[in-house]
Every structure is written in structure tokens, then in C-alpha cells.
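Here is a quick tour of a protein model, taken one feature at a time. Have the viewer open and follow along.

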Amino acid sequence: MTAAADWPRVQLGEIGQSLIGLTYRPDDVKSSGTLVLRSSNIQDGSLAFDDNVYVDCAIPERIRVRENDILICVRNGSRRLIGKSVILDRRVVGQTFGAFMAVYRADSNPFLQYFFKSDDFKRQIDEHLGATINQITNGSLNSFVVALPSPTEQREIASRLQDLDQLIAAIDRLITKNQAIKQGMMQQLLTGETRLPGFTERWRTATVGDLTDQHRRIVDPRLDRGKWFHHFSLPAFDEAETPVIQPGSEIDSIKFVVPTGAVLVSKLNPRIPRIWAPERIGIDSIASTEFVVLTPQPGNSRLYLKWLMKSNAVVSRMKLLATGTTGSHARIHPAQVAAIEVRVPGEREQEAIGTTLSDAEAEVDLLRKRIAKAKSVRHGMVQELLSGRTRLPVEEVTA
């Protein structure tokens, strides 16, 4: 990106310093002590504490982190993770960071945090990455060039972008809150602890097999080779709640035909309870045999079946039954799924519960769309404001 003509272009090493993180031994790792910030502690541009490592060893004072330090992933097995960053806050002051990370320390960091998220930074990373080694050296990082406006304009730009960060954080908190509410509703409604108004009929005990048909019609590749299908691919299913539909996948192994009205349930752990219940499926649709393909029997709600298969009772049972299998992905046999016992209401109450939970899910989906839009706006503003193509009105302070 082209910077404003009156902004000087400087190297990061001229205005701050890059620090390489701590190298520690396996026996330094303890259950508590000094937190070592690693790549996993940066999630979607924010600090995360779901996967922490602590050490008990000597740590140089200079690599104990300070507020407003910028933590950067400079070495990783995954090339796409190189350069992900976060500005550090007071929660981690005095902690340290690992050898695959770097900290950049400068007075301009409230502004520079957005340079580290810019396309210009990503471009310079691509120019410096080796062909086989996914890392940015300290020398490379210090040589990166940034267009630097005056301190007053830096503060104004950072303030505008921080306002968007706060909006994104607020929406993210709403998503977390609504997801917790939905999980609570699932626990109460799918067990009968809480009944929806107007329903008093007693629930019955049944098995998943009592409620559904397992679709077993197999596509024989010897008979259908050369025919094109929509293939619901389980590996793509790992990336999100819905699998990628891959039109044009020629069948080269045995697959299940997927009937209209089916609910697809992953039978692999840890992918349990990945569920997909598309509204419409084409007549030439198939699924990997790593799915259990279920359709509700008459008198049972497909919408309720979708949520039932996500319930704690079913998911915990499926995971327990799958644990005895060797390999990185333990499997559960479809017959074991069919034998799982559940408590179920009548069809009308099933439909009402399914609708209530789907409405709660729709609210979360709407918030996800809002946060995606806000992030897109922020990305555009970063490119415009840090390039100087869009200037903010500022009043410079003169001595």
C-alpha cells in the first residue's frame, strides 16, 4: 500500500526493539508458575488462555512482558500462522513468551498493533519467509518498513480502530452469553426439566433406533463409477459446523446415499457431535461412511432429532462408546448409536422444542454475521487509515 506523501517510512528496528522468547527444558514445565505465551494464546487477534504452559526457571527481566508489548508468532509449522499477533494487556504483565514467538516493544505500539494486522505487514512477511523454514528472523522483523504519521495522527487512528475493537469485543461477549443460554436451554428442554407452555403429556423412554431409520443403501462404485455426486466430505466438516459440498466428486469408494430429510451425525471422536441437517439434499447426494445417516420415523420431528443428537446425554454416550477404538479418531458403530436410550415427548412437543432451540441458534448466527461484518469494516479501515489514503482531521499540537 502507498503511504501518505508526508509520512516518513521507517524500519521497525529504528523505532523499537524485537525480543526473542524463552527457551526452556521439558522439566521446567510445571502446573503453575510463570505463564509462557505461545501461538495458541493468540486466537482471532485476542488473548486466549485455554491452552497454557507454565514454567519454573530463571527468566531474564527483559523478556518479561509489559503492557502494550506486541506478541508475534515468528516460527510455526503452519505457514499461515506466521505473523499473527496481539497487543498485550495488564493481565499478562510480568509473564514471558516462548522461543517461537517475539515481542515488539515501542512507544508507538497502540498504533503499530494495527500495522501488524495490515496487508502491508503480511506482504513483507511473505517476502522474508524462507522456502522451507516457516520463520521470521529478528533481523527480518527489525527491517520491516512502516509508514509512520505524527504522534497526534497515530493516536487518532488508533482511537478510531480501538472503537471498532470494542464493538467487536462486545458482540463477541454477546455470542458467548447467547451460546451459554442456548446450552442451558438444551439441557432443560431436551431432558424435560423445563416444559414449554401447554405441554403436559408424559415422556417415554426410547432408543435412537426406535425414533429413526439408519439409511444403509450403499452406492456400489463398480456400478456407478463415472457418475457425479454431491459428496458431503467429513474432512471439510472439521472446519465449521457445516460440511463443504463438493460437486463433481466422482465416487471411488463405498458411500451412503443421503435421503431427503436426513440428519448426518459424525461417528468419529473427537468430531462427535458434529451434526448436519440440511433442509434440502439433492437426489444424487452421498455421504462418507464416517457418518451415521438418520431419518426420523413417522411421529417424530426431524428438527427435534437434530437437537437430540447434540444433547449432552447422547454426545457423552457416543464419546464413551467410541473410546475403546484404536487410532487418532475413535469410531462408534451405527448399531451402538441406535441403542442409545433417550427420553422423548410427543411429536408436537418435539417440534416445539426443536423450533425454540433453532430460534436461539438463529440469534447466535445473526450475531456471528454482525461480528463478521464489523471485522470486515475494521480490515478495510486498517488498509485505508494506515496507508494514508484516508486521512482523519487532527489538530497537531505545536510547541
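## A covered strand

A residue counts as buried when its relative accessible area is under 20%. Keep that cut-off in mind for this predicted model, starting with strand β23, which spans residues 291-296. Five of the six residues in β23 are buried, so the strand is mostly covered by the cut-off of under 20%.

Which strands pair with β23? One of them is β14 (residues 212-214), which runs antiparallel to β23 and is joined to it by three bridges. Within that pairing, Thr212 sits opposite Pro296. Strand β19 (residues 263-266) also pairs with β23 in the antiparallel sense, this time over four bridges. There, Ser266 has Phe291 of β23 as its bridge partner.

## Rings and a charge

Now for the aromatics. The model has five aromatic pairs. Take Phe116 and Phe121: their ring centres are 4.9 Å apart and their planes meet at 80°, so this pair is edge-to-face. In general, you describe a pair of aromatic rings by the distance of the centres and the angle of the planes.

Elsewhere on the tour, look at Trp307: the charged end of Lys310 sits over its ring, 5.0 Å from the ring centre.

## The largest pocket

How much space lies in the largest pocket? About 1400 Å³. Its lining is made up of 44 residues, and Asp44, Gly45, Ser46, Lys117 and Arg378 are the ones nearest the centre. The elements that give two or more residues to this lining are β6 (46-47), β9 (85-87), α2 (109-115), α3 (119-128), α5 (151-189) and α12 (347-387).

Which element gives the most to the lining? That would be α5, with ten residues.

Methods:
Residues are numbered from 1 along each chain as its sequence is written. This is a predicted model: local features need pLDDT of at least 70, side-chain atom pairs count only at pLDDT 80 or more; totals for chains, interfaces and linings use all residues. Side-chain values use heavy atoms; hydrogens and water are left out. Buried means under 20% relative accessible area, exposed over 50%, partly exposed in between (1.4 Å probe, protein chains only). Two strands pair if DSSP finds at least two bridges between them. Rings of Phe, Tyr and Trp (its six-membered ring) pair if their centres lie within 6.5 Å; planes under 30 degrees apart count as stacked, over 60 as edge-to-face and the rest as tilted. A charge sits over a ring if NZ of Lys or CZ of Arg is within 6 Å of the ring centre and within 35 degrees of the ring normal. On a 1 Å grid over the protein atoms alone, a cavity is a set of points where a 1.4 Å probe fits but cannot get out, and a pocket is an open set with protein on both sides within 12 Å along at least five of seven lines; lining residues have an atom within 4 Å of a point. Grid points are joined across faces, edges and corners, and a volume is the space filled by probe spheres set on the points.
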